[in-house]
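Welcome! Take a look at the structure, then try each task before reading on.

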Amino acid sequence: MDLRHTMKGRRGMAAVAISTGLLLTVAGCGGGDGGDKPKAASSSPRSGAEGGAKQASPTASQDQVLAEVKGGDVTLTITSAVRDQGGFVTVSGKVTNGGGQFWVAANWRGDERELSRNGASMAGAALTDSKGKKKYLVLRDTQGRCLCTKFDGGGVDAGQSADWFAQFPAPPAGTSAVDFQVGSMPPASIDISEG
């Protein structure tokens with residue numbers, strides 16, 4: 001009886017190994033027809049702009065500062081605010097702890113009771129459209145978790161920085177000027193770009 005189960009297991013493992021080998025072979029055949037040509041094309045700036053515009057834009061936008069606000073020893077920098085075709089806006093940037101102690105992001109998670117599962121995060125951030133007189137809160141998944149950064153360890157170490165992002169419902173198409181605010185930080189005026 002043990003021999004029969006052992007043989008069955010070995011046949012299953014052999015089938016998995018053969019399937020994996022065939023899958024890798026087929027995937028490997030999907031390259032170009034010119035040896036080094038695909039590698040050269042994929043590393044050229046033109047190919048990067050055509051094939052990965054979304055990948056190239058975060059790198060470019062990280063050098064650009066849309067807004068920067070300070071609250072005590074903490075500096076919040078916004079480097080990108082992009083409206084996607086899916087009907088939402090992704091705002092991202094960096095938070096820097098310029099103080100001598102660990103900074104806890106507890107008051108950035110917001111007031112809502114369901115946000116206790118979001119811990120130290122950007123869940124309490126908001127976009128305010130002064131012209132349209134509307135406030136947009138961070139999007140949540142079906143379990144109440146924010147579509148935003150959750151800080152590892154609950155905050156940022158002294159002298160360190162952490163990248164962050166937060167996703168919001170998009171204001172109307174004609175609206176590009178909004179204010180971003182989180183916790184007790186002062187509001188930061190930013191312009192939304194089209195993605």
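Is C146 buried or exposed? With a relative accessibility of 4%, C146 counts as buried; buried means under 20% relative accessible area, exposed over 50%, and partly exposed in between, using a 1.4 Å probe and protein chains only. Before going further, note that this is a predicted model, in which local features need pLDDT of at least 70 and side-chain atom pairs count only at pLDDT 80 or more, while totals for chains, interfaces and linings use all residues. Residues are numbered from 1 along each chain as its sequence is written, and side-chain values use heavy atoms, with hydrogens and water left out.

**Exercise 1. Describe the disulfide that C146 forms.**

Step 1: Recall that a disulfide is a covalent bond between the sulfur atoms of two cysteines. The rule used here asks for a pair of cysteine sulfur atoms within 2.5 Å, and by this rule the count comes to one disulfide.

Step 2: Find the partner. C146 is joined to C148, with the sulfur atoms 1.9 Å apart.

Step 3: Work out the handedness. The torsion about the S-S bond of C146 and C148 is about -70°, so this disulfide is left-handed.

Step 4: Check the partner's surroundings. C148 has a relative accessibility of 5% and counts as buried.

**Exercise 2. Describe the aromatic pairs of W103 and W164.**

Step 1: Start with the rule. A pair of aromatic rings is described by the distance of the centres and the angle of the planes. Rings of Phe, Tyr and Trp (its six-membered ring) pair if their centres lie within 6.5 Å; planes under 30 degrees apart count as stacked, over 60 as edge-to-face and the rest as tilted. The count by this rule is three aromatic pairs.

Step 2: Take W103. Its pair with F151 is edge-to-face, at 6.0 Å centre to centre with 80° between the planes. W103 lies in strand β4 and F151 in the loop between β6 (134-137) and β7 (155-156), so the pair ties together parts that are 48 residues apart in sequence. Strands (E, at least two residues) and helices (H or I, at least four) are DSSP runs, numbered from the N terminus. W103 is buried at 14% relative accessible area, and F151 is buried at 8%.

Step 3: Turn to W164. This residue and F180 make a stacked pair, 5.2 Å centre to centre and 20° between the planes. Distant parts of the chain are linked here: W164 sits in strand β8 (residues 161-169) and F180 in strand β9 (residues 177-181), 16 residues apart. W164 is buried at 3% relative accessibility, as is F180 at 0%.

Step 4: Look for a cluster. Ring pairs link W164, F168 and F180.

**Exercise 3. Which residues does V182 touch?**

Step 1: Locate V182 in the loop between β9 and β10 (188-191). V182 is buried, with a relative accessible area of 1%.

Step 2: List the contacts, meaning heavy atoms within 4.5 Å. Leaving out residues up to four places away in sequence, V182 touches L76, W108, M122, G124 and A125.

Step 3: Compare sequence with space. V182 and L76 are 106 residues apart in sequence, and their C-alpha atoms are 9.4 Å apart.

**Exercise 4. How many helices and strands are in the protein chain?**

Step 1: The protein chain has four helices and 11 strands.
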